[in-house]
Amino acid sequence: MISQFDKYVMPTYGRFPIELERGAGSEVWEPNGRRLIDLGGGIAVNCLGHCHPEIAETISSQARKLNHVSNLYYFEEQGTLARRIVERLAPGRVFFCNSGAEANEGLIKLARRAGDAEGRFEVLTAEQSFHGRTLATMAATGQDKVRVGFGPEVPGFRRLPFNDLDAFENAISPATIAILIEGVQGEGGLTPATPEFLMGLRKLCDERDLLLMVDAVQCGHFRTGRYQSFQRILEGLEGEGFMPDAISSAKSLGGGFPMGAFWAREALAVKLGPGSHGTTYGGNAMACAIASKILDIIERDRLEGRIRELGERLESQLQRLVDTYPDYLIGVRGLGLLRGVALNTSSGVWERLNPDVAPSMQFVKAAHEAGVLTIPAGPTVARTLPAYTIDNSTLDEGVECLFSALNKISKS
Ligand SMILES: *Cc1c(COP(=O)(O)O)cnc(C)c1O
């Protein structure tokens, strides 16, 4: 497998030397029969694990009914999914696309369209954010490593410190039309927005006539134990009625089938009239049937509550890991099943092990050897993004692998 990739596939990814042939639930297998526990979840995508039998059945029956007809016609599957998303958020409409970057690109186009009459176009985003790899979403992304070497940069973005309300307020210019943030920064190291930041941004946007947009590609779709991360963050607080003006979605939305979407409030959504935006595949019958089935299963099996239970279990186990290896780890981060460990960079242990490899990479590689998939989130955090359907014993086994990985590292 690897030799074909080395020769024929563009070398855009730093791939790990793991060949995967088959998956079931939260386990995957290499061709040699070796089994790994999947706590990486395909980077927050495989919300129902690998090869869920009901999803396999939906794919098969939908393939025999209607797969793709384009967006020139009406079909049941897309309308139904849009209604279900709107009913979960607030009155508005949904546009379907094929990825997270495309969903965010749609938010940016929507913002520019809304500001066009007044000559406003600027979108304020956060440092350490990640919004995608298209030209505009790269410019929105607050990480230099994503942008360098692809200039000139798409204009109209400014990046400010996350959770710093004053910085955002002070940055507003006559050209500003929107603020775009993640509810929990994923790639940037699992940092949740604070309640004060969310509420403050909502107030600021209302006062200054700006659009508040949330990139929920990674943190949304139940990942934190509520449909949206801001609902989880603001639970029990005054801001429980908080709602952005637009929200993007992807990853867990399709559970492995490539799809994205964005929702916007009614008055905003109708600004994208016929001919203003589009995509050939977006929201085709197959994609929407799968996404609706995922919603059915999450609702029927009450996975929201289960995600919170699993999230707490994972948190306490990761905390035990941190307590056992304080020279290597400093804390647990994240919410629900978007959890991770922050690595200790001040003790010097990682640097001593390998000064050329980021600590998060060293951790993830050691975990692979011990039999579990996890994902780096920046250089100093490692993420676990398990499926919502993982059972306690598989989760525990995955964490046990992390213990043996660190045990081995600490003895090397
Ligand atoms: C993954 C991700 C994206 C990009 O999604 P793609 O499907 O890779 O285009 C955008 N925003 C966030 C927060 C993400 O985690």
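**Close-up views of a predicted model**

**View A. Serine 249 lies in strand E11, which spans residues 246-249.** The model shown here and in the other views is predicted. Serine 249 has a relative accessibility of 13% and therefore counts as buried, the cut-off for buried being under 20%. Beyond its neighbours within four places in sequence, serine 249 contacts Ala103, Ala216, Val217, His221, Gly260 and Ala261.

**View B. The largest nonpolar core of the model consists of 96 residues.** Phe168, Ile179, Leu329, Phe363 and Leu406 have the most contacts inside this core. Helix H12 (residues 285-300) supplies the largest share of the core, with nine residues. Another core, of 23 residues, lies apart from the largest one; Phe95, Ala103, Ala111 and Phe157 are among its members.

**View C. Leucine 329 and its surroundings.** With neighbours within four places in sequence left aside, the residues in contact with leucine 329 are Leu321, Val322, Val341, Ala342, Leu343, Asn344, Phe363 and Leu406.

**View D. Helix H15 (residues 359-370) crosses helix H16 (residues 392-411) at roughly 115 degrees.** The two axes come within 8 Å. Angles of 65 to 115 degrees count as roughly perpendicular, and H15 and H16 are therefore described as roughly perpendicular to each other. Their crossing is right-handed. On the H15 side, the contact is made by Phe363, Ala366, Ala367, Glu369 and Ala370. H16 contributes Cys401, Leu402, Ser404, Ala405, Leu406, Lys408 and Ile409. Sorted by class, the residues of this contact are nine nonpolar, one polar and two charged.

How values were computed:
Residues numbered from 1 in each chain as written. Predicted model: local features only at pLDDT ≥ 70, side-chain atom pairs only at ≥ 80, totals over all residues. Heavy atoms only, no water. Core = buried A, V, L, I, M, F, W, Y, C linked by side-chain atoms within 4.5 Å. Buried < 20%, exposed > 50% of the residue type's maximum accessible area, 1.4 Å probe, protein only. Helix = DSSP H or I, 4+ residues; strand = E, 2+ residues; numbered from the N terminus. Contact = heavy atoms within 4.5 Å. Axes fitted to C-alpha atoms, helices over the stretch in contact; angles between N-to-C directions. Parallel < 35°, antiparallel > 145°, perpendicular 65-115°, else oblique. Left-handed = near helix turned anticlockwise from the far one by under 90°. Nonpolar A, V, L, I, M, F, W, Y, C, P; charged D, E, K, R; others polar.
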